[in-house]
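Hi everyone, thanks for coming along. Let me put the structure up, and then I'll walk you through it.

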Amino acid sequence: MEILAVLIPVSLGLGALGLGAFVWALKGRQYEDPKGDAERILSGDWDEHPKP
Amino acid sequence: MSDATLHDARLSACPACDAVPLAQRVAGSKPAPADIILSLPTIHCATCISDVERALMGHAGVREARVNLTLRRVNVDAPGLTADELIPVVEATGYEAHELDPAALSASAADRQGRDILMRIGVSGFAMMNIMILSVAVWSGAEDATRDLFHFISGAIALPTIAFAGQPFFSSAARALRAGRLGMDVPISLALILASAISVYETLHSGHHAYFDAAVMLCFFLLVGRYLDYRTRAAARSAAEELTALEVPRAFRVTESGEEPVAVSDLCPGDLVRVRPGARVPADGEVVEGMSEIDRSLLTGESLPVAAQPGLALSTGEVNLTGPLLLRVTAAGRDSSLARLTALVSAAETARGKYTSLAERASRLYSPMVHLMALISFCGWYWASGDIRLAVNIAAAVLIITCPCALGLAVPAVVTTASGRLFRRGLLIKDGTALERLAEVDVVAFDKTGTLTLGVPQLVDLDCIAERDRPIALGLARASSHPLAQALAQALAAAGVRPAELQDLREIPGQGMTAMNGAQVVRLGRAEWLGASHGEATLSATWLQSGHSDPSRIEFSDRPRPGVEQAVAQILASGRRVLLLSGDAEPVVRDLARRLGISEWHAGMTPTEKSQVISDLSGQGHRVLMVGDGLNDTAALSAAHVSLSPASALDAARVASDMVMLGSDFGPVSDALDLARAARRRITENFAISILYNIVAVPIAIAGFATPLMAALAMSLSSISVTLNALRLR
């Protein structure tokens, strides 16, 4: 049962990581234009060079 | 004139939405800096995004351009540039663009609220999943120290989560209690707090059951319901705001140094204003100079234009048709007739009394019942066993297991699905209860001009113009922007007529066109001007005279909107009564009523008479849907049980109505009636599901058999089943 001492913090840590990513995405306004973002990945505009 | 150009003229011309900037000035808020927002109604794909962005970025002075495809808008950061310079740039790439008034868009505040709920959903979702993992171990038989450890960790996750994610419920419950009511949120908050408190107590005393998982799950599902509810309202609000923002209020003030564009809210009585042909009158005033014709159809329902000359008083929102006019402002902004009427309508709306939705009525019953049941089980168990811990435990289980998912989740889910579907068909629902009210409608009342008809004239019969006169008529008509001339030119061009070569072509504002055809004077215009007798002045008509022959009459009729015939037929077939209430003259109304098969019609109605008819019907117990677009309909719109106006309607009418039809097609109206009934059926079904669920679950909880596992299972099951049932509407 000692393995629990490792597994529980690890699972909680991974969950917290996911939550952190969600909070970051939300604060970064990544849910503002879901339709546009879905289309933007299809455009080759900034493929060769990064957006200035 | 095509529908599109007329629509554009209305939208780009400045109407009387002057109350908006004024109110903002009073509130002290400033519009967004240097940002220009353009509406792009036709963009839909990745190529559109790059085309528009590349074109704008290539224009000198543009610092940043970002398309938002979800909202179909582009935000341009271009200091020193105006929208008028950028619109041609976008239109050169082949996409339609309209300027939006950033002051009328309050998207940021709404965004924050949506992000706030999303954040709470995310946090409670994370907590729910983690606690579930730990709970599975407890349910599958973890004992003693292990169980206590798991409960302890669950509590450490759950307590902060509930404190954060439950805030919307706690604050709303506190508000309800302060107001002396038992809202939906009171039992929810009580369940959350009681469940947390008991779980903490049990954990500390190494009890067998802790309800952390159930409490967090309750939080999660109800927040999802809140979010759906918010999304529906946000979609409706942003579309309504966009309609208002499309009308950038600007007027041209004439000063000694020339003409300057000013915001309509800056106009003062005594100012001189230039009103160009095709523009709306920005403020109430008196004509000082110029001759023209005025379209009053939106205000009075009259389909015939009125001649304007110095001395005529004009009201805000009327459309100037042929010649430029100089206007002396008598009342502007909040004092204008239109703004006063808008204020009256909002006063009437608050007086109308709030409609209580199905969910509200259900929660009025539900809330006291849940509390009573929990109290009874607490008293009963305390009396039977004398164990206060057991009694509190069971009371909490009852509160949790009676999860109000049908009320908190199912109704928003049904309304979101239904209004989303109607939105895609071009019908915008401004108020969530409008759908429920629409389901009860048994009488539908229509306005005529601009509602059933497009308000665009169409030539009745080409044969009323002699064969040899047709090229002359086309030559004269195509040079004028008057709607009748445009309609005539369109009909003649479509018939393959070639325009005659005319010399010395002139437009006499307010009268008509004149030109020389060789040595002959040819004229097209008003009857009085050509010396013709008016006859029965019912249909819109213009007169053509070549040389000294008698003028000949050319008649026009207003074209019905696409889909009107089928929509009216469907509504009649569904057993509802249909009425036509118009401010227009009798023969025109009779003709349209006959064509559409409407047997009950009233012509020449004043705004008061219209709203009287609606009130009388309501008094007889009928539920009336009023469809109208003009200022003369606003009173009737606010008197009706539920109301609808087309997007081309005046701001005042759109404010007064519960639903707005975005396109010009009338088809969605009868669909909406059917869908509203279907949605209402779904909502009742969901109530039935939840009652059934409660009948099974509550006795188990009261009997003391409800473990946290059962609470979690039962609650998810009921939440998921009502949501799936709501999605069946699609």
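Predicted model: local features only at pLDDT ≥ 70, side-chain atom pairs only at ≥ 80, totals over all residues.

I'll take the interface first, then the annotated regions, then the sheets and one more charged pair.

Residues are numbered from 1 along each chain as its sequence is written, chains are lettered from A and ligands numbered from 1 in the order in which they are written, and side-chain values use heavy atoms, with hydrogens and water left out.

So, how many residues of chain B are in contact with chain A? There are 27 of them, and they touch 25 residues of chain A; contact here means heavy atoms within 4.5 Å. Together the two chains bury about 2,100 Å², with 62% of that on carbon and sulfur atoms. Buried area is the accessible area, taken with a 1.4 Å probe, that two parts lose on being put together, summed over both. On the chain B side, Arg115(B), Met119(B) and Phe126(B) lose the most area to chain A, together 25% of what that side buries.

Now for charges. The rule finds two salt bridges across this interface, a salt bridge being a side-chain nitrogen of Lys or Arg within 4 Å of a carboxyl oxygen of Asp or Glu. One joins Glu53(B) to Arg40(A), at 3.0 Å from N to O. Which elements of chain B give two or more residues to the side that touches chain A? They are helix 3 (46–57), strand 2 (64–68), helix 5 (107–139) and helix 6 (144–165). Helices (H or I, at least four residues) and strands (E, at least two) are DSSP runs, numbered from the N terminus. Helix 5 of chain B gives the most, with nine residues.

Let's turn to the annotations. In the model, residues 6–26 of chain A are 100% helix, with end C-alpha atoms 30 Å apart. Residues 687–703 of chain B are also 100% helix, and their ends are 24 Å apart. For residues 210–228 of chain B, the figures are 89% helix and 30 Å.

Next, the sheets. Chain B has an open sheet of six strands in the order 6-5-7-13-8-11, with antiparallel pairing; two strands pair if DSSP finds at least two bridges between them. Strand 6 (258–263) and strand 11 (313–314) stand at the edges with a single partner each, so one side of each has no neighbour in the sheet. Inside this sheet, two bridges join strand 5 (250–255) to strand 7 (272–275) of chain B, and Phe252(B) stands opposite Arg274(B).

Another open sheet in chain B has three strands, ordered 10-9-12 and antiparallel. Strand 9 (292–295) pairs with strand 12 over two bridges, and Ile294(B) sits opposite Asn320(B).

Last stop: the whole structure has 20 salt bridges over all chains. One of them links Asp77(B) and Arg63(B) at 3.3 Å, N to O. Asp77(B) lies in strand 3 (73–77), while Arg63(B) is in the loop between helix 3 and strand 2, 14 residues apart.
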